[in-house]
Amino acid sequence: MDNRAGKRPDKNLVMSRLIYQFPLSLYCEKTRWNLDWKKLDWQPVNLIPGPHAFRAWSLARQRSLPILVDGKNRIGDSTDIALYLESIYPQHALLPADSRQRLEILALENEFDALGTDVRRCVWSLAVDSPDIDVLFFRGYDNEQRRLGHWMRPALRQMIRHTFDVWPGPVERSWQTIYSTLEKLEARLQGDIDRYLVGDTFTLADLTAACMLAPLVGPVGSPWPDERIPDAALGASEELRRHLRERIAGQWVIRIYAEHRQGNA
Ligand SMILES: N[C@@H](CCC(=O)N[C@@H](CS)C(=O)NCC(=O)O)C(=O)O
C-alpha cells in the first residue's frame, strides 16, 4: 500500500477504506492508482480467485474485482469507483469541470478499459503455461495463500484460460486490437511522449491508458516490472517488451508511470 498521503484523513476512515482485489489485476491497479493519486489511504483485501465470487457478490452483487468499501459505501467497477472518488474527494482531480473535455476523457477511459480485456488475454497467453504460474499470480498474497496457490496450479491455469478466453482465435484478434490501438495512441501523441491525451494535464484518460498497457510494457512502479515476473514467463514476453519500449506508445507509458505513479510498492 502507498502511504504517501500528505495529510492523513480521520483514523476511522483510514481503517474502513478497503480494496477487495487481485493484486495483479489491471483494473485493481487502476483503482489503487486512483486512490494513491488522490492521496487517500486504503488497505488491500486479497481474494483467492474462484471463491472470490462469493465475497464479491455479498459485497456488491457482482463477481468482478475491484470493489471499494469506503465507510458505509460499497462500489464495484473501476469506472464507477473513479466517478465516486471524484465526487466525494475532489482533490487532485482526474476529471476537469469542462464538460466537453470530461466527455472526451470518459470516452477514452471506456476505450482503454475495453482494451484491458485484450491486454489481459494476450499477456496470460504468454504466461499461462509457465511452470511458475502460481508465483506470478499469487505475488502480493500472504504465505498461506501462496501455498494454496502452488497447490491449485492446474486449476489456476484452467480458470485463467476460461475466465479470460485465452484460446488461439481470441488471442489473435486481441493482438490486432492492441496494435491498432497503439497506432491510434501514437497518432494522438504526435511523436511527443510528454503530451497528455486530453488537454495539458494528467487525467483519468492517461491513468487508464497507461495502466491498461502496462502489463505489456512492464514499467517501473507498476505491478509488472521485469524483476517481478518469474524467468520463464518473462522469457516469453522479453522480445515484446523490448519492441514496445522502443515505440512512442511504450515510452509514453513508462513516462506516465515515472511521473505520476511514484511510491507504488
Ligand atoms: N469493468 C470492470 C472489470 C473488472 C475485471 O474484469 N476484473 C477481473 C480481474 S482483472 C475479475 O475480477 N475477474 C474475475 C471474475 O470476473 O470472476 C472494472 O473496471 O472493474
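Here are a few friendly notes on this predicted model.

1. Let's begin with confidence. The protein chain has an average pLDDT of 92, and 93% of the residues reach at least 70. Residues 1–14 are another matter: pLDDT stays under 50 there, and the model gives this stretch 23 contacts beyond four places in sequence. Where pLDDT is low, the predicted coordinates should not be read in detail.

2. Next, the ligand. It is surrounded by 14 residues, and the closest are Ser25, Tyr27, Ser64, Leu65 and Ser78. By type, the shell splits into six nonpolar, five polar and three charged residues. Helix H2 (26–37) and helix H4 (78–88) each contribute at least two residues to this shell.

3. Helix H2 also holds Lys30. Is Lys30 buried or exposed? Lys30 counts as buried because 25 other C-beta atoms lie within 10 Å, and the cut-off for buried is 20 or more. Beyond its neighbours within four places in sequence, Lys30 is in contact with Ser78, Leu207, Thr208 and Cys211. Arg173, by comparison, is 143 residues from Lys30 in sequence and 24 Å away in space, C-alpha to C-alpha.

4. The largest nonpolar core has 67 residues, and Val119, Ala209, Ala210, Met212, Leu213, Ala214 and Val253 have the most contacts inside it. Helix H10 (residues 204–217) gives the most to this core, eleven residues. Domain 1 (11–88) and domain 2 (99–260) each provide at least three residues of the core.

5. Met212 is worth a look of its own. Setting aside residues up to four places away in sequence, Met212 touches Leu26, Phe112, Asp113, Leu115, Gly116 and Val119.

Terms used
Residues are numbered from 1 along each chain as its sequence is written. This is a predicted model: local features need pLDDT of at least 70, side-chain atom pairs count only at pLDDT 80 or more; totals for chains, interfaces and linings use all residues. A residue is near a molecule or strand if its C-beta atom, placed from the backbone, lies within 6 Å of it. Helices (H or I, at least four residues) and strands (E, at least two) are DSSP runs, numbered from the N terminus. Ala, Val, Leu, Ile, Met, Phe, Trp, Tyr, Cys and Pro count as nonpolar, Asp, Glu, Lys and Arg as charged, and the others, Gly among them, as polar. A nonpolar core is a set of buried Ala, Val, Leu, Ile, Met, Phe, Trp, Tyr and Cys residues joined through C-beta atoms within 7 Å. A residue is buried if 20 or more other C-beta atoms lie within 10 Å of its own, exposed if 12 or fewer, and partly exposed in between; C-beta atoms are placed from the backbone. Domain bounds come from an automatic or database domain assignment. Two residues are in contact if their C-beta atoms, placed from the backbone, lie within 7 Å. pLDDT is the predictor's confidence in each residue, from 0 to 100.
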